[in-house]
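Here is a note for a colleague who is opening this model for the first time. It takes the interfaces one by one.

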Amino acid sequence: MTGAQSAIAIASAVRAGTQSAAEVARAALARIQAGNPLLCAVTRVLGERALAEAEAVDAAVAAGRDPGPLAGVPYAVKDLFDVAGLPTTAGAAMLADAPPSPTDAEALRRMRAAGAVLVATCNMDEFAYGFATVNAAHGTTRNPHDPERLAGGSSGGSAAVVAAGMVPVALGSDTNGSIRVPAALCGVFGLKPTHASLPMEGVFPFVDSFDDIGPFARSVADLELVTQVLADGAVEGATAGLRVARLGGWFTRNHSVEVTTGLDRLAAHLGGLETVELPQVDRARSAAYLMTAAEGGARHLPELRRRQLAFDPATRDRLIAGAMLPASAMIAAQGFRERFRAAALRLFEHHDVLVAPCVGDVAPRIDDPTVTVDGERVAARAHLGLFTQPISFIGLPVIAAPLAVQSLPLGVQLIGRPGGEAALFALARSLEQAGVLAAPMPMSAPA
Amino acid sequence: MSEPVWLDEGGVAALALAMLDLHIAPECLPGVRANLDALAAHTRRVESEPPSEGRG
């Protein structure tokens, strides 16, 4: 058994009785124990719970019952899902002593009902406000492909545990790119679903109007399987004769030659792609930035009043500023969002999938956590979502997929119309089969 | 009638914070200032579009 074993392979072996879920769980726990001191991706190891869940799966198999499509599959979750018996911290030290959650988040309940085994909670930017997974309480999550580099965020721990092969799948959340950015930088697949299509009950909120949960995996098939479990049903919709286009304008600037080469290769594989323009993307990104700041600031205002110095400084100052944003800015941003969404939906009258870069370059170095935007070096924590923010702003579904490149990982966004996940999975599957997309295993991955 | 109370710019800012019932600790001020500058730039970008007319 290796860390590269897929969720589908594990579930198949466990259901057939050729592999025990307890054995799989123990191996995952051992990989975490071996790999986490370097990566700082896991915040809590749930050994006792994992073995209890695994033994229940094994008991079901022994009794002739089917434990479900994720039988014995070990997984980890971002530290903002409710886990019964534990405080939900959202990466915040100030919540370490919060009352334990009485129940699991609905997403975890569905995973457990499908036979999955929860083994760990994962590091994140405090309250999900950042693209870096630099956390004052838990440390900085390191990229499994180069530990001197960021994993991206805010779901960086979840992306890293999958990329490193500790577990085949993990769950994260995405408000402005918090699944897609770390997926791209760590070289794994991630889904940001159509807004509000996957269960948010028991998930610590950040910005209600953008927040979504979604899975990470190393293959399209695993990603789709977990999505089906989370959605409590098949991902349905048209998958034949897909009309694909490439986003131009904003999405052609501020990225490296390697990103362009990867996108060109993808386009060539599809026989060349028409380039289409989404108007005023810079304004959309700014509007998303403002709404995030204002909603996040308002959410945390009571604690900012009471104990602002207990926040992570990198989060605190952004939240205070957001709380001070005048209503006129928020109203202008909300008004623009409706017009921008209408413009995007017009593009989907002629296309099923839009292709765009996910990040501009490989993961930034931890000792220089910056990215270049329009010739200026700016903080990665706030700006790695340059290409992701305008898309989640209007609730569209996106698969973030790793481009098959020779460099450190880079990712592409496959963007669909609302409810268009089936088309995204179909295209990602065909590109993965053609070798255009691939999740590389880090050289240092545990066996 | 009493004399009007004139507030300078700092006084107005303090009043705005008082409305939020928010006191900013001194160690937070540089970071908050930098983030307000960023929000101001984004606000200008969002508001640079003329408001649409003729809608009810």
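1. Contact here means heavy atoms within 4.5 Å. By that rule, 29 residues of chain A and 23 residues of chain B take part in the contact.

2. A word on the basis. This is a predicted model, in which local features need pLDDT of at least 70 and side-chain atom pairs count only at pLDDT 80 or more, while totals for chains, interfaces and linings use all residues. Residues are numbered from 1 along each chain as its sequence is written, chains are lettered from A and ligands numbered from 1 in the order in which they are written, and side-chain values use heavy atoms, with hydrogens and water left out.

3. How much area is buried between chain A and chain B? About 2,300 Å², with 65% of it from carbon and sulfur atoms. Buried area is the accessible area (1.4 Å probe) that two parts lose on being put together, summed over both.

4. Between the chains the count of salt bridges is 0. A salt bridge is a side-chain nitrogen of Lys or Arg within 4 Å of a carboxyl oxygen of Asp or Glu. Polar contacts do occur: 8 residue pairs, both at pLDDT 80 or more. The rule wants a pair of N or O atoms within 3.5 Å; within protein, one must be able to donate a hydrogen and the other to accept it, and residues adjacent in sequence count only if both atoms are side-chain atoms.

5. Which helices of chain A face chain B? Helix H9 (281–307), helix H10 (313–323) and helix H11 (327–347) of chain A each supply at least two residues. H9(A) gives the largest share, 11 residues. Helices (H or I, at least four residues) and strands (E, at least two) are DSSP runs, numbered from the N terminus.

6. Now look inside chain A. It is divided into domain 1 (7–231) and domain 2 (244–433), with bounds from an automatic or database domain assignment. Their C-alpha centres lie 22 Å apart.

7. In chain A, 54 residues of domain 1 are in contact with 60 residues of domain 2. The two domains bury about 4,600 Å² between them, 62% of it on carbon and sulfur atoms. On the domain 1 side, Met94(A), Tyr129(A) and Arg180(A) lose the most area to domain 2, together 17% of what that side buries.

8. Across this domain interface of chain A the rule finds 3 salt bridges. Separately, the side chains of Arg299(A) and Asp208(A) meet in a salt bridge (3.0 Å, N to O).
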